[in-house]
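Look at the model first, then read on.

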Amino acid sequence: MENLIDIKGVTHAYKTDSGPLPVLDGLDVSVPEGTFAAVVGPSGCGKSTLTRLVAGLMKPDEGEVWLHGERVKGPRKTVGMAFQNPVLLEWRTILQNVILPLEIVAPSMSQKDRETRAHELLDMVGLTGFDDKRPSELSGGMRQRASLCRSIVHKPEVLIMDEPFGALDAFTREDLWQTMRDLRKAEPFTCVLITHDLRESVFLGDQVIVLSGRPARTQYVMPIELPEDRTLDILYTPAVADMLHVLRDQIKIAQGRAPEVH
Amino acid sequence: MLRQIGIPLASIIVFLALWELLVWANGWPNFKMASPSDLPPAFIRYWDLFLSMGWQTLWRTVAGLALAVVVGTAIGMIIGFSRIARDALYPLLVGFNAIPKATLVPVISLIFIGQHDFNTVLMAFMISFFPIAVSVGIGLSTLEPEYRDILRSLGASRFTIFRKIALPKTLPEFFGALKVSVTLAFIGTNLVEIVSPHGRGLGALFKSGETNGDYPLMFAVLIALAFLGIVLYYAVVYLEKVFAGWAERPQS
């Protein structure tokens, strides 16, 4: 399978008043088309920088980012983004919020077609009938669902998510994992998920990429060979428990601490 | 509906009653302080003047405000989008705003001799643009980067991002500032109207009341000004409801 995302030897440093702050150091990441890559790593290791690089919002000091065989030089219409903060526009209804990217990437699309497409997604994530509600009238989990719809409404090749479920309570988060799994079956995007939650990375990912501490490089890649139709029960199987152990140890190493002895 | 109109109306009536009582209890003659009961005769006697002068004051205040909205928003956009412009313009703006505007009346009346309308509008503008510029500037500069990124990652232009996100997002701050500016603009208009010889508008009517020792007329002018202020303020409140009503949280 062809790689949709190829990050080759990317090194980047931020300029600060006290000199350059290196955040990425020769990072390599490959994500085959249609698959789901979960990226985990210690706090502040440069994971968010990675999302901005893939989205073309910034350029790396060194190295290359390739998307679908083309080198990324700037923002492109084939990318969707979701953040921890749902960033819904309060002056728009839920439906209008979901439609927003279409107004940018498909200006000639009719309003009716836009709404049909938005409805399709809202139905899929369980927000049927919430069209005309304002974001402030929805719960945190529902807002994040609407935000997910907005990030894929224009059928992007790549969906980049930066801790989208980080601010939700544990049960709502598990609901959204299942929603995400269902969306993947219906929509063709390739996904990069930044997360701090190892269970989330295993449940959703086809591979889990562990980044080292800052400056980050690829420390460990774990292929997740679980059936596509995963249920939450799978998280309580011995196989997954073993994976979580290995990942936990890798995070410890990334944090510069000794792994625990099992 | 009863609460929205009844309560403010009742408070105004109580205020007038206390005022009347204060004057009556102290036995003040109306050249020391006029009482509310002195006002209706003054209004009736000078009704034509109140209408024409009130109109003069109103249109010049609104013109000054409109200018303040245009220029204030433009300055706000400049300091909101550019750090360099912000660093360069803030001290100048704050310094200019700190100058008591009364001291500028002789200056502008010497530069634009006899241009009474223009001078009045200019003063109303100068005194009222500052809150608008600062609030729009702060609203734009504090826009969370994620808001920009959702459109920027799709390749949207700066102008599109401004029109679809930054502009609507700063509307609540803008209207908050506009409410302050409304009353400030009235101060600016009246400053020029009172100080200029042969001025027009309610300020000039106030001045003529003072010259003739007609205290009820002076107080009647103050009430008329308060009335115009209230009308314009609620006009802004109405516009805010129409354009930024989404910012109002449902009351629990």
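A crossing is left-handed if the near helix is turned anticlockwise from the far one by less than a right angle, and right-handed if clockwise. Helices (H or I, at least four residues) and strands (E, at least two) are DSSP runs, numbered from the N terminus. H8(B) passes H10(B) in a right-handed crossing. Residues in contact have C-beta atoms, placed from the backbone, within 7 Å. The contact includes B:Phe175 and B:Leu178 of H8(B) and B:Leu225 and B:Tyr233 of H10(B).

This is a predicted model: local features need pLDDT of at least 70, side-chain atom pairs count only at pLDDT 80 or more, and totals for chains, interfaces and linings use all residues. Residues are numbered from 1 along each chain as written, and chains are lettered from A and ligands numbered from 1 in written order.

A nonpolar core joins buried Ala, Val, Leu, Ile, Met, Phe, Trp, Tyr and Cys residues through C-beta atoms within 7 Å. Buried means 20 or more other C-beta atoms within 10 Å of a residue's own.

| Core | Residues | Members include |
|---|---|---|
| Largest | 77 residues | A:Val39, A:Cys149, A:Val158, A:Val192 |
| Second, separate | 43 residues | B:Leu65, B:Val134, B:Leu178, B:Leu225 |

A:Cys149 is among the residues with the most contacts inside the largest core. A:Cys149 touches A:Val98, A:Ala118, A:Leu121, A:Leu122 and A:Val125, leaving aside residues up to four places away in sequence.

Now the chains together. In chain A, 18 residues are in contact with 16 residues of chain B. Strand S6 (79–83) and H2 of chain A are the elements giving two or more residues to chain A's side.

Technical notes: Buried ≥ 20, exposed ≤ 12 C-beta atoms within 10 Å, placed from the backbone. Contact = placed C-beta atoms within 7 Å.
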